[in-house]
Amino acid sequence: MKLKKSRLLMALALPAMLALPLAAKTLVYCSEGSPENFYPGVNTTGTSFDANSQIYSRLVDFERGGTAVVPGLAERWTISPDGKEYTFFLRKGVKWHSNKAFKPTRNMNADDILFAIERQWKEANPYFKVTSSNHTYFGDMGLDKLLKSVEKIDDMTIKMTLNKPDAPFLSTWAMEFAGVQSKEYADAMLKAGTPEKLDQDPIGSGPFMLVQYQKDAQIRYKAFADYYGGKAKIDDLVFAITPDASVRWAKLQKGECHIMVSPNPADLEAIRKDPKIQVLEQPGLNVGYLAYNTTKKPFDDVRVRKAINMAINKKAIIDGVYLSTGVAAKNPIPPTQWSYNDAVKDDAFDPVAAKKLLTEAGYASGFSTDIWAMPVQRPYNPNAKRIAELMQADLAKVGVKVEIKSFEWGEYRKRMQNGEHQAGMLGWTGDNGDPDNFLHTLLGCDAAKPGGGNVAKWCFKPFEDLVQKAKSVTDPKERSKLYGQAQVIFKEQAPWFTIAHAVQLKPMRREVIDFKLSPFGRHNFYGVDIKE
């Protein structure tokens, strides 16, 4: 009798169990740092872009794992024959996220696109100075001068008119800085007297909604059921903020995270041997460099810059710090970037010639300087402090006394962009697959102003003329030729000591399905799945 009763109970329980929802799929990503905020328009770091990219949609996008421009919030577009007018036809029915403070009453429309642009462009916009007035990308790419007008034709159509043709213009709007925010939410927060909430408690139209952020601990996201591309394959996404690469690797081994960023080069052998781990890799679209502040003595003298380049043993840095994860850089763009000029010769490691050049420049006894070392690890620079120490030792041999400095990452970037350093390390991963994104954004005159991303503060007319001309022609061969000439001038003038291009490596658990390496080094989790 008892047996029959237990079978009856099981029979009754089974339909109830089947009615329960399946366990939510959670993917945990071991990231390396906290985002500066949730407004992509004022950020330049991969850390902040990754945190923002899950939340926002853009006018156009890059295909997953590639550089081709595909529809985003705009389902199609037209370009005038003279290359000066771009008309974007917006996707209908795009829903916004919501939070405790705000529930949207309408779908995405042209007002939101206009707001996203004018917030970065027009100083009269009430949001221009909220969070930061330094819209680095918008200014460094010269968009403030390039755009003649942005008009709302109707609720679902936007027309942008340029002052001159610009070859990379379309791909510009697929970049992370161009994430679109809700104007209705912005207006509501302004009316409530809390405009900062727009960037602290973000609402977007992207594949994931922000659930919780604990600085230096974690970011929690939930798949947005009404995402215009269809709900994500995973239900929950967690960024486990883990600054130490060795700790990230330990968490990956234990299954506490599924994907990790920036492994220690020294850990790679063990990572590759672990049967539970797969490592995706490809050449990186990046460069790590030491920028000389060319507005300050002694680095205003090209002879000094060339001398320092020749005094530093680049091979020893690559061998000792990057191990198998980097290749020596001679140009400001990586070998994977079209228009790369392989004919350029790198500065030879020659301390004797360096000493002679310093003497010619009036520094026979050397000089004192600082070298700023990044406080964070990046693929293009896995250990800035160690690299600075190697540079310090090399430069001492030619009479140059180096003080190594560092600051908290946000402060570090801000101070370097304001030109407080004499020499400092930074790096870059391309954002749109175009050489302009390196040569103009990092070395152009538009970006050399205080707050700009040209931290060498180098504005050199022969270089600038070539880069500006290359922006305005559409023939790839002609553009490639101009960029090749620009790289020759860069090497002659030496605003940087180019260090390395890193191989992009992504260790992940074998249960992760269809994660795509981004050529831009981004981490996008829409389309990714986990095996049951």
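Student: Is arginine 413 buried or exposed?

Tutor: Arginine 413 is buried, since its relative accessible area is 8%. Buried means under 20% relative accessible area, exposed means over 50%, and partly exposed is in between, with a 1.4 Å probe and protein chains only.

Student: What kind of model am I looking at?

Tutor: A predicted one: local features need pLDDT of at least 70 and side-chain atom pairs count only at pLDDT 80 or more, while totals for chains, interfaces and linings use all residues. Residues are numbered from 1 along each chain as its sequence is written, and side-chain values use heavy atoms, with hydrogens and water left out.

Student: OK, back to that arginine. What does arginine 413 form a salt bridge with?

Tutor: Its partner is glutamate 36, and the closest N and O atoms are 2.3 Å apart. This pair links distant parts of the chain, 377 residues apart: arginine 413 sits in helix H15 (residues 409-417), and glutamate 36 in the loop between E1 and helix H2 (46-53). A salt bridge here is a side-chain nitrogen of Lys or Arg within 4 Å of a carboxyl oxygen of Asp or Glu. Helices (H or I, at least four residues) and strands (E, at least two) are DSSP runs, numbered from the N terminus.

Student: How many salt bridges does the structure hold?

Tutor: There are 39. One of them joins lysine 25 and aspartate 529 at 2.8 Å, N to O. That pair is 504 residues apart, with lysine 25 in the loop between helix H1 (2-19) and strand E1 (26-31) and aspartate 529 in strand E20 (residues 529-530). Aspartate 529 counts as buried, at 16% relative accessibility.

Student: What about lysine 152, what does its side chain meet in a salt bridge?

Tutor: Aspartate 111, at 3.0 Å from N to O. Lysine 152 is in strand E6 (residues 147-154) and aspartate 111 in helix H3 (residues 110-121), so to speak distant parts of the chain, 41 residues apart. Salt bridges that share partners also make one network out of Glu411, Lys414, Arg415 and Glu420.

Student: New topic. Where is aspartate 434 found?

Tutor: In the loop between strand E17 (423-429) and helix H16 (436-439). Aspartate 434 is buried, at 7% relative accessibility.

Student: What does the side chain of aspartate 434 make a polar contact with?

Tutor: The side chain of arginine 479, at 3.0 Å. The aspartate 434 side chain also reaches the backbone nitrogen of aspartate 436 at 2.9 Å. A polar contact is a pair of N or O atoms within 3.5 Å; within protein, one must be able to donate a hydrogen and the other to accept it, and residues adjacent in sequence count only if both atoms are side-chain atoms.

Student: Last one: which residues of H14 are buried?

Tutor: Ala384, Ile387, Ala388, Met391, Asp394 and Leu395. Down the axis of H14 they fall within an arc of 125°, so they line one face of the helix. The arc is that of the directions from the helix axis to the C-beta atoms.
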